[in-house]
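Me: I would like to learn how to read strands and helices in a model. Please take me through it step by step.

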Amino acid sequence: MRSAFGRIKTAFLLAVTALIRAGCGKENLTALVPKGVGAQKSMDLIILTTAVMTLVFLIVIILFVVVLVKYRRKKGQEDYIPEQVEGNKTLEIVWTVIPILLVLVMAVPTVVYTFELADDSKAKDHINIDVKGNQYWWHFDYKGEKIQTSQDLYVPTGEKVYVNLLSNDVTHSFWIPSISGKLDVNPENENTMYIEANEEGVYWGKCAEFCGPSHSLMDFKVVAVSPAKYKQWVKDMQDFDPKKFKPDTQVAQDGQKLFEEKSCIACHAIGPSPVATGPNLTDFGNRERYAGILEPTKENLVKWIVDPEKEKPGNKMTGKYPKVTEEEAGKIAEYLMQLKPSSVTPETVSK
Ligand code: CUA
């Protein structure tokens, strides 16, 4: 029969592993469940290096235990001096060569993958997106398609998409754990890498370089859809004419007016615009999160518009517009939530 202590121990271990697994978190925000080419290569390297290190660890431990048991000093051996092996050429060579071989086993694929993933010589044959990092949001400019979005990055599955990374302020780092490795987003030089999603999904992206008080809130989403859906999305976005767009309720129409009166429009573009200084809101109603982090509810949006500082300290929206009451914010929210230019949305990806 198992003792009470044994049962407590089992329960404790279960709780700890559950906590650890919960900490590793969402399936669409972990490098341990790769859903893209870069992430898969990283995973291959993680497995390879872990295997090599485990092998070394086991051999060392086994040798250690064998020596400890077999060669420990026994009774009557107090004055015994074992054979001395210092300067033994064969041994020196063996324990120099083995680590070199092991390092090579890990280094060669790492270097090969690194160069493969950084290769942008074929970029012009693929989709190119200029990515701008800002405190604390992301802008995506589809050069060839003449589309702009912020926070939600739509890509077709099974295709290389080249992202050209540049920052508007401080250094950020572009990272979609399930899809690819991370790359610095600098203000002074452009870095390019490609991302390639294997299957449809909404994958969470993160800023991976400390960039200010809301660094941890600088999230974005990658919406990977089939090439057919992507084509549809591109067409819908291109066809959307912000000047002709009229919300279908009076409240939302009032919101549209307030959007101009409260000078939201001074920073936020709807439709393609090269000069906007704030996030592009063309497909705002389809966003997976508001402000990158908030569940997409009207309540959250109102809170955000009334006092963005509370949700994202240090953001650059705070103080840029006259005071907005909750009622006014509610109207603006109704308007923004109707901005749904495409039927391809984060909800329509097959999970
Ligand atoms: Cu941007 Cu951290």
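Reply: We start with the sheet, then turn to the helices. This is a predicted model: local features need pLDDT of at least 70, side-chain atom pairs count only at pLDDT 80 or more, and totals for chains, interfaces and linings use all residues. Residues are numbered from 1 along each chain as its sequence is written, and side-chain values use heavy atoms, without hydrogens and water.

Me: What is the order of the strands in the open sheet?
Reply: Strands of a sheet pair through backbone hydrogen bonds, either parallel or antiparallel. Here five strands run in the order S3-S2-S1-S5-S8, with mixed pairing. Strands (E, at least two residues) and helices (H or I, at least four) are DSSP runs, numbered from the N terminus. Two strands pair if DSSP finds at least two bridges between them.

Me: Which strands are the edge strands?
Reply: S3 (147-150) and S8 (191-195), as each pairs on one side only.

Me: In which sense do S1 and S5 pair?
Reply: S1 (residues 127-134) and S5 (residues 161-167) pair in the parallel sense, over seven bridges. Take Asn 128: its bridge partner in S5 is Tyr 162.

Me: At what angle do H5 and H8 pack?
Reply: Axes are lines fitted to C-alpha atoms, for helices over the stretch in contact (heavy atoms within 4.5 Å). Angles run from 0 to 180 degrees between N-to-C directions. H5 (residues 250-261) and H8 (residues 326-337) pack at about 105°, with axes 7 Å apart. That makes H5 roughly perpendicular to H8 (65 to 115 degrees).

Me: Which residues of H5 meet H8?
Reply: Among them are Val 251, Leu 258 and Phe 259.

How values were computed:
Angles under 35 degrees count as roughly parallel, over 145 as roughly antiparallel, 65 to 115 as roughly perpendicular and the rest as oblique.
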